[in-house]
Amino acid sequence: MNFSNQIIDKSTPIPMYFQLKQIILDRITAGELKPGDMIPTELEFIELFDVSRTTVRQAIIELVKEGYLYRTKGKGTFVAKPKIKQDFMQKLEGFAAQMRRLNLTPRTEVLSMEVIPAPEWVAIGLNIYEGDQVIKMTRLRYADEEPVVIVDTYLTENCKFITESDLEKFSLYSLLSRTPETRVVMVERQVEAVLPTEEDIKILRMPAGEAIQLVTTTGYNEEGTPVEYSISHYRGDKNQFIVKLRV
């Protein structure tokens, strides 16, 4: 990638690291630098723009933190794949529909499905008695064949027909819409950052040092009765969550 036609204006109050950062970012957003492309080395940037190593490092570190670049030890710094913009905090939409809207190819792998007695914390989430039967399923969800989230879902007993459904082909919410009693019309979500478990790292193929975005979802029917209680582990390096507010 040729940066020779770019300049850093040392006469303006705009910090030089910020100017360099913007030069790199502009090339990424314009598609001139694509995911997987290696950017110039620190020394090359120093020679190109006649700036200090500190200036170059600060620009690159910020772009790494913001998810635009990633580093591979002994190889260099590369352009990262864009994070998936998770805007489901604003609308009720299935994973597959959301991924297609973002021009990504979704895939779901059902890792397990069983009927179990509800543990206390699940019973609280579904407003049922501890020990009542619930359907538990674990799904691994992909975007463009990259694993992005593990979802543990617990459903009330009246959703038992789900055990005979193809959840790798059909969305959960579309299947639950078969009856008014199980149709989810409202959800409540909570998001927090947590450390990944060894299982998270293994199944999601996560790099070391990344956090998990833990999303807890309770889905309600028209009567306001809980139908679904889900716990989703999103890869922190592949997802960002967006909330839009309007006055």
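Guide: Let's begin with the open sheet, in which six strands follow the order β4-β5-β6-β9-β8-β7 with antiparallel pairing. Two strands count as paired if DSSP finds at least two bridges between them, and the element names come from DSSP runs, helices being H or I with at least four residues and strands being E with at least two, numbered from the N terminus. At the edges of the sheet are β4 (106–117) and β7 (186–194), each of which pairs on one side only. Direction ignored, neighbouring strands are turned by 15° against each other on average, where an axis is a line fitted to C-alpha atoms (for helices over the stretch in contact) and angles between N-to-C directions run from 0 to 180 degrees.

A word on what you are looking at: this is a predicted model, in which local features need pLDDT of at least 70 and side-chain atom pairs count only at pLDDT 80 or more, while totals for chains, interfaces and linings use all residues. Residues are numbered from 1 along each chain as its sequence is written, and side-chain values use heavy atoms, with hydrogens and water left out.

Now move to β6 (residues 146–156), where nine of the 11 residues are buried. Buried here means under 20% relative accessible area, exposed means over 50%, and partly exposed is in between (1.4 Å probe, protein chains only). On one pairing, β6 joins β5 (residues 133–143) in the antiparallel sense over 10 bridges, and Lys-136 stands opposite Tyr-154 in β6. On another, β6 joins β9 (residues 226–235), also antiparallel, over seven bridges; there Ile-150 stands opposite His-233 in β9. As background, side chains in a regular strand alternate between the two faces of the sheet.

β5 and β6 form a hairpin with two residues between them. Asp-144, in the loop between these strands, has a positive phi near 50° although Asp-144 is a residue other than glycine. Most residues other than glycine have a negative phi. Asp-144 counts as partly exposed because its relative accessibility is 34%. Asn-127 also has a positive phi, near 55°, and lies in the loop between α5 (120–126) and β5. With 63% relative accessibility, Asn-127 counts as exposed.

Leaving aside neighbours within four places in sequence, Val-194 is in contact with Ala-211, Ile-212 and Leu-214, contact meaning heavy atoms within 4.5 Å. The C-alpha atoms of Val-194 and Glu-210 are separated by 9.6 Å, and these two residues are 16 apart along the chain.

Ring pairs link Tyr-154 with Trp-121 and Tyr-229 into a cluster. Rings of Phe, Tyr and Trp (its six-membered ring) pair if their centres lie within 6.5 Å; planes under 30 degrees apart count as stacked, over 60 as edge-to-face and the rest as tilted. The structure holds five aromatic pairs. In one of these, the ring centres of Phe-45 and Phe-49 are 6.3 Å apart and the planes are at 25°, so the pair is stacked.

Phe-45 and Phe-49 both lie in α2, four residues apart, about one turn of the helix. In α2, Glu-42 and Ile-46 are buried along with these two Phe residues; because the four cover an arc of only 100° around the axis, they sit on the same side of α2. That arc is taken from the directions from the helix axis to the C-beta atoms. The cover over the buried residues of α2 includes α1, α3 and β1 (69–72).

A nonpolar core is a set of buried Ala, Val, Leu, Ile, Met, Phe, Trp, Tyr and Cys residues joined through side-chain atoms within 4.5 Å. In the largest one, of 19 residues, Leu-20, Ile-24, Phe-45 and Phe-49 touch the most other members. Two or more residues each come from α1 (16–29), α2 (42–49) and α3 (53–65), and α1 gives the largest share, five residues. A second, separate core of 12 residues includes Ile-135, Met-137, Cys-159 and Val-227.
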